[in-house]
Structure formats: structure tokens, C-alpha cells
Amino acid sequence: MSTTEHGLKRSSAAGGWGALKSCGKHLLKSRAPLSGARVLLAANQPDGFDCPGCAWGDPAHGSSFEFCENGVKAVSWEATDKRTPPKFFTKHTLTELRGWTDYALELEGRLTHPMRYDAASDRYVAVTWDEAFAEIGATLRGLDHPDQAEFYTSGRASNEAAYLYQLFARHYGTNNFPDCSNMCHEASGIGLTEAIGIGKGTVLLEDFEKADAIFVVGQNPGTNHPRMLADLRRAAERGARVVAFNPVRERGLERFADPQNSVEMLRGASHTIASHYFQPRLGGDMSAFRGIAKVVFARDDAALAAGKPSLLDRAFLRRQTSDFEAYRAAVDATSWEAILDQSGLTREEIETAADVYLGADKVIATWAMGVTQHKHSVATVREIANVMFLRGHVGRPGTGLCPVRGHSNVQGDRTVGINEKPPAAFLDALDRQFGFKSPRAHGHNVLASIGAMLDGSSKAFIGLGGNFARATPDSTLVAKALASCELTVHIGTKLNHSHLLPGRVGYLLPCLGRTEIDRNSKRKIQIVTVEDSMSMVHGSGGINKPASPELRSEIGIIAGMAAATVGSAHVDWAALADDYDLIRDLIEKTIPGFTGFNLRVRRPRGFMLRNLAAERVFETASGKASFSFGPIPQATEHQKAAGTTDTFVLQTFRSHDQYNTTIYGLDDRYRGVYGERRVIFAHPDDCAVLRGLYGERVDVVRADDGDGGDVAEDFRLVPFEMPRGSLAGYYPELNVMVPLSSFGEFSDTPTSKSVLVKIRARPVLAKAA
């Protein structure tokens, strides 16, 4: 089913027959449809594997089908029978492969053998694992200082792999842990830690079954975590209000057809998700929530003046919060003129949102990278928390703060020690357990690691999964940074662009995927664990035959590098790689909350890590939930561009056929785009102006670069329902537009959702004119 808007053929609802058709297409494209379908039945099941896609939680009352369209794509992408063996690299130089698209590279299939870069032929050549480990270890030992090495982590790594990785790097002597968290939810962790004493959300999946209102801010569940749509739909069906704040009109937040509902599928029906849909300007969410607070205070004042009960949770505010009066003063000092200009919403819209908030006894606020990738993202997270505090919507059933993470274990990696600023108590625990002295100096995050590689102060890069070169901003500089290294090591399942930027010594090490069986020397099947967005820890065990007998697990690869670099006097790396229960025992001994880890993780659905803030125990400096009370930003990028005719604010986001930097296909049916990715979405009136000037295909340049600098070339303008002056397009193609110099205050997160750019004519069109 589809509708036509601005000439686009868009799905009439998320899910439905379109999702089923897409699932079948991707299973067929894997060339292993039957085995792929069988594997899906084990996704997110107690005796199966955790989906390598998003980090949305699993219900305690799970069904036989706990996967979504994105899960099918992720599983079929990994379970493909296509292979990229050593002979592939005899046919293609790295220089040639750098001209391929991300999609074309990964379409070649699974890597099968450890490979070393040969500069003379500009090709990867096969090596043995022992040869690889020996040279990696020797090169790392040959650096002037351990801080010359960067240890990057993707959120797809398991708890066990991440723990062993940080143990290796800290034994080696560095806290350089650039991590995918630095590019997405860092602002959530910092803001929530300041507000409630823990950098995680406070909700369980069951809270969505009890909420009266759910505020969905800066996120697109239909593409990024589709299983969330089912929970939002069920909430809407029982009468809960779902309030969406998103600059772009996303189909998944409007309507959803459940592919598992046979009656609905036969009728071609769907159900409304959002009861209210507001489209603030990019970066305007903080002002919108400041406006909600302003309405709430005004209504509360009126109620008190009329002799009625307060609309606020006065007992909670008095006993369990700090700085409430300072926040009230900050709200009073913020003018409606400033709020409306910055948010781009009308006063009526903000008052409507406030009415929903005031009319609900139980409210959840949930958000994603539309909130966290701006300069003032930490302040925005704090403002969302402020509003939730006003009526005590934290620490009660059906209420809470819910940042929705991306990768399936990005939250767990941080829990088990992937942190460039580790707490002293954790380092002390490592030292006591292993008998070495952990480094205390803070290490590099993503932006700092790029800067260090560029200026030569870092000379080695090891990537535990991911696609660093394509996930990071300022693509041209990042490519230069990686290629300048003495050593690059990439651990992955498929070829990507980061692998094509080797240092003087460059290794490509293939690992098992989440869906594959991992046996130890005794032929025992091993399991790993992950932590979802609700702090639930699950076991995960693959059921597929490995893509190649040469593959090793991420844990086995880390252990091999560690033994070759630091030796085994303090840590028996080989033993840990052969029995993951031993790693979990070490996690239990060094990280609070994991008591009985091996026993509890084998229970159906795993266990929840204790979250004190969900119990209204706030480990902040004041011991209470902490209000922030700063002003709204002096000017967002939209306000800076106001009054110009050629400057726009760009956000980068995913298409429906991708997950982070992994491209599954070239369609984005919810937005009406098929068979291409080089598109720029703009308001229809902006498109009309730009088409009149330039024609349909354009180049994108940074606003501060004039006619020089980086250029994203040859994009098609696509009209879409979004605020005037806004643009949107897909990463990684547009990451070149995000400067390294633009990042979040306190978070260092790239400002990928608010980049000032200009649109210019394609050179060929300019000449023709």
C-alpha cells in the first residue's frame, strides 16, 4: 500500500506487506533463504542469539517471533553464503576498491581469512593467525608509549569481548578508548548522570504498557528500531497519547501495520501511532520543552490561585530534587518570543503538548540521536529530565527517561569498561584482581583520537568491529588520519571502507558473527552476553555454521593480540578465550551488579542490572534528582542561517535500508526513495527555489568553506514535509559535511544533526547555463 506526496511513492504505513516483501527480498539476496528463515526463529529467544541490530528490549512474555524487518536484514546480511576469500584481493587493488560504494563492498560477502596489506602490490594477502598476532604485538611494543595506540570499539561487540579488550589495552598501558558511543548517545550519558546519577534510562519495557503518555523526541523508530513501533502501537490502542517531536515527517511515527497480525494484514489496515506530531526546527527541542515547562508553571499558578491542588508533584520536588527554584527562575526568564523563534513551533502547539503532559498520570520521555547530535545536546537532555521531574515522572511504574541506543550492545560496552574516562574504583578493582597498575590519565575519545592520528601523536589504530572511517565526521581528514598510522588492525565480518585505509602495517582479521556457532577446544558451544536499552542483560548463542573454518571469535582475536603484546604473566588470555564463563567470573569480581553472572544470564530473558535512579535513589552530588537551570542556546544553527537565502541546516540520518554504516539496499520506501542514496530532502518551497536556480541535481558544500573545501557531489533534490531552511540526507555519504571542529558542549559528539551548508549548481549545469 502506498501514497503519493510531492511526487513520492511512500508507504501508507510502517510495517505491513511492505515489510514482509522486504524481508523476503533480503533473505533471497543472501542466497540462503531457508537457513536464514530458520535462524530468525532463534533471534531474541532465550536459547538463541541476540539480534545484531538495535538495542530495543525484549519482553518478559516473548512471542515466537521477536524480530523485525531490520532484524531480518541484519541476520540475512550476516548469514549470506557469499564470500570474500583471498583470491578476491588478487583481482582488486585497494586503490580500485576505494572507488566502490559501501553497498558494493559489503555485497561481496563474508571475509574468510586473516589478511595483511602488501604495499608493493596494493593488495591484501593471506597470512596465518600466528603471523598476524606476532607482528601486531611487536609493532605495539615498538611504539614510544602505549598512548600512541587507539583502541576503537563498535557497539556490536559482546560484553565479554569488550571487557577483554579494555583489559588488554589497560594492561598495555592506555585509556585510549574511542567508542561508537562518542558519536551517538554520549550526551545522554553525561546529561542523565548529572540529572539522576546514572547515564542510563530508568524504564523497563513493561513501563510502556502502563504509560498514559509517551513523548518520542528526535527519533525514527520505523527505521532505527522497528520493534519499538509495536510497543508504541499497543500503547496507542489502549488510549495512551504518543507525542512525536521530529523535524521530518516520518511514516513510522504516523501509522503502523503489524506484520504479525494476520487479520490486519488481510484487511490492509493499520493503526495510528502519534496522537500529536510536532515538527520543531533542527536543534529546537530544548526550547520546545522549556516552553512546555512555561505552560505547566502558568497552569499551576492558576490552579493555586483558584484554590485548587498544585499540578506539580510538590512532595517529590521538595524531598527528592535540588535546584527547583533556580530552574523555575530560568523558565520565567525565558521569553515566549525566544522559545517560539528557536523551536519553530507555535505557542498553540507547545500548549497542546503541555496539555497532554498535564493530562497524564504516567509519562515516559524517549529520545535518540535527533536530540544528542547538536552543540547543546547535554542541555537538551537535562531539559527533558527537568520537565519529567515536575510531576514526578521518574521512578514510578509507567514513567521514566528512555534514551534508545543504536547498536545492540553499545550500552553494555560502556558498562564493562569501554570508557576513556574510567572511574577510579573500576581501575582499582582491575589492579587488585590482576596485579598490574592500570593507567590513570584520561584517554582519547573519537574526536581526540582523530586529532592525535592527524598530528602524529598516535600511530596505531585497532578497530573492534565497526567502520570508523565512514561512521566519523569529516571523511577526508579521517581517511588521512588512518592511512598515516604505523599500524592499523580491523576486526570484522565483511569488507568496508575503513579496511581500505591501511597503515604501514595493516591487518584485516575476520571474526565470527553473532548468528554463528562458537565452540571451544572441548567442542562446547559458547555464549556471550549483551545489555539492551533497558539495562537487561541477555545471553546470546549462534546456531549457524561459521562462514569459514579460519574464523575466530572476537574474544579469540583479542586474546591472541594481547598474549603477543603483553604476555600472559598477569592474565591467562588463552584460558579466557577458551571458556567465556571465566570472563564472566572476572566481570562479576570487578564490576558491581553482576553477582551470580553465569547463573543469572542463563535464565530465560536474562536479568536486569540494578538501576538506583529507577528506585528514586539518585547518586548525584546532592543525592537528589538535579534540575539544570541554564538559558536556552543563544542561537541555534537555524537562527544563524535566518535571513540568508543560500544557507541551510543539514541533518544526516539513515535510510530504511541501512543500519548505521551498513547498507543493506538502496531503497527507503517510507520516504519514497528507490534505487539510490545520493538524495537531499528539503521543504517543497525550498526545492522549488533551488530547482529554479540550479536544476534538480546539486552539490552540497559547507557554509564556511565558500567555493572551496569539501564537497558532496551530485545529489538529487527530493521534496519532503519538513521545516523551511532544513535539509536532510543519508550518512555516510554526507559525513564529509560534518566538520571535526563542530561538536557538542561537554559531550564531544559530532553535530551531525545541525550542519550549516550551501547548495550550489552542478558544474555541468553551470556551464550549460
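The largest nonpolar core of this predicted model has 59 residues, a nonpolar core being a set of buried Ala, Val, Leu, Ile, Met, Phe, Trp, Tyr and Cys residues joined through side-chain atoms within 4.5 Å. Buried means under 20% relative accessible area, with a 1.4 Å probe and protein chains only. Leu140, Phe151, Tyr163, Leu164, Leu509 and Met561 have the most contacts inside this core. Its largest share, 9 residues, comes from helix 8, residues 159-172; helices are DSSP runs of H or I with at least four residues, numbered from the N terminus. A second, separate core of 49 residues includes Phe316, Ala354, Val363 and Val381.

Leaving aside neighbours within four places in sequence, Leu164 is in contact (heavy atoms within 4.5 Å) with Ile555, Ile558, Ala559, Trp573, Leu576 and Ile583.

Helix 8 also packs against helix 21, residues 424-434, at an angle of about 80 degrees and with the axes 12 Å apart. Axes are lines fitted to C-alpha atoms over the stretch in contact, and angles run from 0 to 180 degrees between N-to-C directions. The two helices are therefore roughly perpendicular, a term that covers 65 to 115 degrees. Tyr163, Gln166, Leu167 and Arg170 of helix 8 meet Phe426, Leu427, Leu430 and Phe434 of helix 21.

Across the protein chain of 769 residues, 64% count as buried.

Residues are numbered from 1 along each chain as its sequence is written. Local features need pLDDT of at least 70, side-chain atom pairs count only at pLDDT 80 or more, totals for chains, interfaces and linings use all residues, and side-chain values use heavy atoms, leaving out hydrogens and water.

Methods
Buried means under 20% relative accessible area, exposed over 50%, partly exposed in between (1.4 Å probe, protein chains only). Angles under 35 degrees count as roughly parallel, over 145 as roughly antiparallel, 65 to 115 as roughly perpendicular and the rest as oblique.
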